Amino acid sequence: MMLVLLPSSTAFTTALPFPSSPLAPKLSTLPRPFPSSPKLFTLVAYLDRRDTPPPNPKSSSQPQDSLDQFLKIRCKSGDITLDEATHFFDLMIRTQPSPPVAAFNVILAALVKIRRYDHVILFYKRWVSLGLSPNFRTFNILVDCCCSMARVRDGFAVLGKILRAGCWPNDVTFNTLVRGLCMNNKLGEATGMLRKMVAFGRQPDSFTYNTLIHALCRQGRMEEANAMLESMIQRGQQPDIVTYNTLVDALCKRGRMEEANALLELMIQRGHLLDTVTYNTLIDALCKKGRMEKAKSLLELMIQRGHNPDRITYTVLINALGKKGKMKEAIAVLELMNQSGEPPDTVTYNTFIDALCKTGRMEEAKSFLELMIQRGHHPDGITYTMLIDALCKKGSIKEAKAMLESMIQRGHPPNVFIYNSLVDALCKTGNMKEANALLELMFQRGQKPDIVTYNSFMNALCKEQRMEAANALLEFMFKRGPQPDTITYSTLMAGLCKSGQLKKADEFLGKMEEKGCIPDVVTFNTLISYFAQINDTAKVVELLQKMAEKKLSPDRITCSIVLEMLLNLGHEQRQELLSLIPTLPA
């Protein structure tokens with residue numbers, strides 16, 4: 001009987017000192033599981049005998065961390081830096097007698113926690129090059145590392161080394177590979193791993209099924225996810241609260257509330273009580289459907305049943321109430337949040353500020369910013385982005401610039417979105433000199449302008465009918481990038497039409513297509529509108545025919561332009577034009 005596994009990766013052999021070979025072992029030749037591991041020099045014994053703490057690489061002024069504290073406490077919590085890990089790893093490989101494999105594994109596992117996967121492989125190579133032998137735990141760490149790097153085939157290469165080392169893969173090995181396949185959207189292969197697990201004498205557990213169900217739900221394959229749930233039950237593996245919460249969340253996000261409720265009933269029948277995650281999922285779904293009273297009732301029920309709402313619960317409600325402009329109710333939820341021992345965090349305040357900005361209540365938004373700072377919460381990039389954008393849209397450019405300065409002083413470099421908000425506001429108010437100065441500042445600070453930045457300038461130039469400058473900007477974009485998009489061309493064509501250069505505007509329709517930019521209904525509406533104004537019916541028909549060829553559906557503006565043009569014609573001309581207008585897609 002041949003067990004087919006994924007082939008080992010040739011790429012992995014350059015990263016790890018493993019010989020590559022196809023991974024297709026016969027079950028009859030595989031070693032049987034070891035009844036017990038060989039007696040090793042235990043990690044605890046090694047740590048207990050050490051009494052000389054090495055220097056802490058962080059700072060000579062800080063208390064020195066001993067190796068045992070580093071391994072037992074810091075590595076376990078993941079509270080380490082790469083410099084520290086390198087320091088202690090170097091110390092260990094120089095120690096004689098050599099520390100146990102378990103000690104090295106602790107550092108490798110900690111590096112996985114802080115996502116320094118490249119250094120896991122680097123440390124492993126150094127370790128093996130010194131003649132030290134990895135154990136089964138080492139290989140499982142490497143499998144985890146490979147899968148986390150989206151190099152799942154390399155993970156299978158490590159599985160081959162596990163087998164050749166005379167070890168037997170356990171649930172952790174298989175579950176890590178299943179997770180890696182799911183992360184790479186290889187759900188067919190991930191599902192196939194269930195059979196391979198059984199062939200190796202392992203039974204898929206709740207973690208295996210939950211990983212697969214989560215991946216299926218993420219892709220919207222709800223029927224397959226439900227089928228996986230049934231398969232899980234049939235194989236004697238009882239779903240846990242994570243299983244149900246995953247499915248309920250996916251159903252709610254797709255608006256399938258009846259199915260979600262049916263699943264909740266099944267969950268309760270099987271002895272699973274709703275937890276905070278379940279309630280948060282349901283409250284979020286109700287809020288998004290605008291059923292605020294039902295959401296608040298569910299919050300009350302949640303509290304009655306002994307489940308304390310968390311920050312997510314309150315933030316979801318505040319967000320929903322804010323979007324509906326119900327700020328008094330949102331503030332009441334904020335007060336309830338303070339009283340319940342779940343003080344608002346930066347995300348909660350951002351939710352509030354966003355709602356106030358979107359409803360034009362800028363004074364209150366700024367007051368909340370001050371309150372946020374007073375209560376010890378530091379505004380982040382998102383906070384400033386929302387406020388600056390809202391101030392720009394309101395036309396409060398002076399305040400927006402002051403907010404930008406405050407943002408920089410607090411150590412938050414502005415992103416391209418913030419610069420674009422300010423550039424657009426300055427361009428719309430005719431402050432081209434200041435807009436240009438801001439563009440220079442973007443370049444100086446290493447922030448590359450994007451298509452939105454240049455489109456703001458193009459719009460301003462065309463509105464001022466500075467068409468030579470607009471054409472020069474287009475040429476600059478061709479040479480330096482970003483390449484013009486549909487909005488760029490439509491804006492330029494509108495400017496040319498306004499300045500009476502209809503022929504040139506029409507020529508740009510062909511030029512933009514030559515550059516690989518597809519005109520949309522707005523582009524055609526721009527041209528149709530101006531040609532209709534001069535009663536060039538032949539050109540209007542030609543443009544409508546081009547729309548039909550491109551299968552572009554007319555919008556309300558297209559229909560309004562054509563209808564007005566028809567009404568201005570005599571009966572015979574109208575009938576003739578109607579016979580020429582092509583049938584456009586609905």
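**Briefing on a predicted model**

pLDDT, the predictor's confidence in each residue from 0 to 100, stays under 50 over residues 1-64. For residues 1-64 the model has 126 contacts (heavy atoms within 4.5 Å) beyond four places in sequence. The mean pLDDT of the chain is 85, with 89% of its residues at 70 or more.

**Basis**
- This is a predicted model in which local features need pLDDT of at least 70 and side-chain atom pairs count only at pLDDT 80 or more, whereas totals for chains, interfaces and linings use all residues.
- Residues are numbered from 1 along each chain as its sequence is written, and side-chain values use heavy atoms, with hydrogens and water left out.

**Helix α8**
- Helices are DSSP runs (H or I, at least four residues) numbered from the N terminus; α8 covers residues 152-164.
- The 13 residues of α8 should span 18 Å at 1.5 Å a residue, and its end C-alpha atoms, 19 Å apart, agree with this; the expected span is 1.5 Å times one less than the number of residues.
- Because 11 of its 13 residues are buried, α8 is largely enclosed by the rest of the structure; buried means under 20% relative accessible area, exposed over 50%, and partly exposed in between (1.4 Å probe, protein chains only).
- Among the buried residues of α8 are V152, D154, F156 and K161.
- G166, which follows α8, has a positive phi, near 85°.

**Residue T383**
- T383 is found in helix α21 (residues 381-394) and is buried, with a relative accessible area of 0%.
- Not counting residues up to four places away in sequence, T383 touches T346, N350, I353, L369 and M372.
- L369 and T383 are 14 residues apart in sequence and 8.2 Å apart in space, C-alpha to C-alpha.

Conventions
Helix = DSSP H or I, 4+ residues; strand = E, 2+ residues; numbered from the N terminus.
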